Amino acid sequence: MGTRGNSQESYQFEDGAMKKIEYGRYPKARKTVGGGQSVDEWIKEVDKSKPAHHDYRDRSLKIHGLICARCGREFDHASRHLLTVHHKDGNHLNNPPDGSNWENLCVYCHEEEHVR
Ligand SMILES: [Zn+2]
Ligand SMILES: [Zn+2]
């Protein structure tokens, strides 16, 4: 649930490697990735599957710091996946760049916030 940081990084790496093959030595090559899907289509799908919230999560952590706004628990880079971004107005599409709709909450406080 929203804490898949590591798998993303490996995806990006594979993505880059595939692009290298596609646009490097064999620019016209139509390699398939199984199911008759071309590399181009596959890359597009990988791009699409990147969650949009990945971007605002990083920004919110940068703006508000690695600390839970409720219980004050502090996090570091090893445990930052336990810190989630809560939307104060409940609208995940409302992401003002100044971070005014975001609140960094640890997973425990975040659950509390939505149970009430
Ligand atoms: Zn907390
Ligand atoms: Zn929330």
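Visitor: What makes L66, R80, L83 and N104 contacts of L61?
Guide: Two residues are in contact if their C-beta atoms, placed from the backbone, lie within 7 Å. Leaving aside neighbours within four places in sequence, L61 meets this with L66, R80, L83 and N104. This is a predicted model, in which local features need pLDDT of at least 70 and side-chain atom pairs count only at pLDDT 80 or more, while totals for chains, interfaces and linings use all residues. Residues are numbered from 1 along each chain as its sequence is written, and chains are lettered from A and ligands numbered from 1 in the order in which they are written.

Visitor: Why is L61 called partly exposed?
Guide: A residue is buried if 20 or more other C-beta atoms lie within 10 Å of its own, exposed if 12 or fewer, and partly exposed in between, with C-beta atoms placed from the backbone. L61 has 19 C-beta neighbours inside 10 Å, so L61 counts as partly exposed.

Visitor: Why is E111 called exposed?
Guide: E111 has 11 C-beta neighbours inside 10 Å and therefore counts as exposed.

Visitor: Which helices hold L61 and E111?
Guide: L61 lies in helix α3, residues 53-64, and E111 in helix α4, residues 107-115. Helices (H or I, at least four residues) and strands (E, at least two) are DSSP runs, numbered from the N terminus. The protein chain has four helices and two strands, in the order α-α-α-β-β-α.

Visitor: How much of the protein chain is buried?
Guide: Of its 116 residues, 9% count as buried.
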